[in-house]
Amino acid sequence: MTNDQTHVIVGASLAGAKAAETLRQEGLDGRVVLIGAEDERPYERPPLSKEYLRGEVGREKVYVHDEGFYTEHDIELRLGRTAVDLDTSAGEVELDDGERLRYDRLLLATGSEPRRLAIPGGDLDGVVYLRSVQDSDALRARLDRGGAVVVIGAGWIGAEVAASARQRGLDVTVIEPASVPLERALGTEVGAIYRDIHTDHGTKMLMGTGVEAFEGDHAIERVRTSDGRTLECDFAVVGVGVQPRVQLAAQAGLDVDNGILVDEHLESSAAGVFAAGDVANARHPFYGERIRVEHWANALNQGPAAARNMLGQGVPYERLPYFFSDQYDVGMEYSGFAREWDRVVFRGDPGGREFIAFWLVGDRVVAGMNVNVWDVNESVQHLIREGAAVDSRRLADPDVPLDQLVAAPRGGVA
Ligand SMILES: Cc1cc2nc3c(=O)[nH]c(=O)nc-3n(C[C@H](O)[C@H](O)[C@H](O)COP(=O)(O)OP(=O)(O)OC[C@H]3O[C@@H](n4cnc5c(N)ncnc54)[C@H](O)[C@@H]3O)c2cc1C
């Protein structure tokens with residue numbers, strides 16, 4: 001595909017790097033510019049709270065591509081450069097060094113950033129956040145020194161950091177206002193399983209309470225909880241969620257609401273401007289509504305999908321949300337999207353930590369999570385996509401193959 005068009009990508013992380021790769025794979029000859037605010041070439045973040053944080057793998061394991069990839073594929077990688085202004089009528093992006101880049105197609109893959117805790121002592125040394133590889137390096141140095149850590153927030157990042165810190169032998173306390181960890185994603189029943197996993201490994205789980213203040217002289221020495229406790233610590237890790245980086249899009253007048261609003265082709269309210277990854281709040285053909293997914297697989301797959309649509313292929317993005325997590329010796333994969341459900345059905349033994357949990361609305365499976373059970377993910381996704389009624393006794397029975405569960409078409413009876 002020979003042309004003289006310029007494709008600019010803002011955000012050189014997983015979504016942006018995979019989009020650049022796809023533009024070349026699809027045969028685009030024109031100019032491809034990938035702009036990244038970080039000094040590091042594109043890397044993957046999941047290891048930063050797991051094996052990389054624990055020092056089990058080195059830096060070379062986290063990169064999306066080999067060092068030579070971008071030059072070999074004639075991708076102009078501008079690292080340490082931030083896009084500060086976007087003019088969609090002129091079709092121009094301005095960088096922080098004053099350079100103005102004209103684009104024919106633009107992808108915003110600006111991702112998300114940790115929410116900050118605005119409480120007394122929030123800027124003390126030793127109150128840390130985790131997003132970048134440098135954050136992970138700094139946190140690893142703290143793990144190396146040992147001692148006591150308080151983790152604020154029992155979402156995915158908090159739960160994984162707590163597990164890694166405990167695996168490295170630290171004294172770990174997790175504080176979470178909800179009644180169980182991971183409650184927003186998994187609900188109370190399955191969240192309780194994760195609470196027990198942490199407790200069994202010696203992590204203290206203070207659920208149902210928040211943080212009032214961090215206290216100390218220059219550096220944090222203790223955390224004061226909203227239920228009146230004081231916890232001595234050497235440092236605290238805050239993992240209270242992320243927010244999409246929408247500033248550039250919002251300033252340019254793009255429609256923004258919990259992310260950059262895009263259609264099923266990942267195109268924003270400005271023609272020729274696309275968004276992918278954590279920052280995209282995308283209309284999903286299967287769900288019939290917009291969803292914003294803050295997970296690795298979404299960045300991995302939406303980047304290429306956006307690239308194809310930048311080339312005019314008109315392919316809707318309809319993959320089901322999927323994510324994974326590793327905590328201690330417990331690995332899981334979750335597929336689907338469930339804001340609410342009627343009940344959870346277990347296949348296998350939750351106590352033995354080898355099971356599949358299914359979230360059901362009526363008799364239909366809307367989400368599934370396999371825990372220390374592998375190679376079932378496609379079958380779980382098939383069940384969700386089919387949307388057919390299932391017999392919950394058969395669903396719970398490990399002897400019934402998952403592929404034989406669909407008993408009746410959508411709207412039918414089990
Ligand atoms: C510690 C950690 C562990 C994780 N573990 C898991 C996991 O186990 N499973 C899972 O499914 N997901 C996990 N995730 C989530 C996953 O990493 C993200 O969903 C993914 O990184 C999103 O990729 P992205 O490319 O959309 O955005 P990001 O990775 O957020 O990257 C966006 C990039 O854009 C750059 N940028 C932003 N604005 C500008 C600008 N104006 N100009 C130039 N550059 C800009 C940023 O500096 C950044 O490098 C984890 C995340 C973290 C932080």
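Modeller: To start with a side-chain pair: this is a predicted model, and in it the side chains of tyrosine 43 and glutamate 38 make a polar contact at 2.5 Å.

Biologist: What does the side chain of tyrosine 43 reach at 3.0 Å?
Modeller: The backbone nitrogen of valine 133.

Biologist: Where is tyrosine 43 placed?
Modeller: Tyrosine 43 is in the loop between strand E2 (31-36) and helix H2 (69-72).

Biologist: Is tyrosine 43 buried or exposed?
Modeller: Buried. Its relative accessible area is 2%, and the cut-off for buried is under 20%.

Biologist: Which residues does tyrosine 43 touch, leaving out those up to four places away in sequence?
Modeller: Among them are Ser13, Leu14, Leu48, Tyr63 and Arg131. Val62 and Val64 are also on the list.

Biologist: Changing topic. How many residues of strand E23 are buried?
Modeller: Seven of seven; the strand covers residues 330-336.

Biologist: Which strands does E23 pair with?
Modeller: E22 (residues 322-327) is one, antiparallel over six bridges. E26 (residues 364-371) is another, also antiparallel, joined to E23 by five bridges.

Biologist: What stands opposite valine 330?
Modeller: Glutamine 327. The hairpin of E22 and E23 has two residues between the strands, and tyrosine 328 takes a positive phi near 55 degrees there.

Biologist: And on the E26 side, what is the bridge partner of glycine 336?
Modeller: Alanine 367.

Notes: Residues numbered from 1 in each chain as written. Predicted model: local features only at pLDDT ≥ 70, side-chain atom pairs only at ≥ 80, totals over all residues. Heavy atoms only, no water. Helix = DSSP H or I, 4+ residues; strand = E, 2+ residues; numbered from the N terminus. Buried < 20%, exposed > 50% of the residue type's maximum accessible area, 1.4 Å probe, protein only. Contact = heavy atoms within 4.5 Å. Polar contact = N/O pair within 3.5 Å; in protein donor to acceptor, adjacent residues only side chain to side chain. Pairing = 2+ DSSP bridges.
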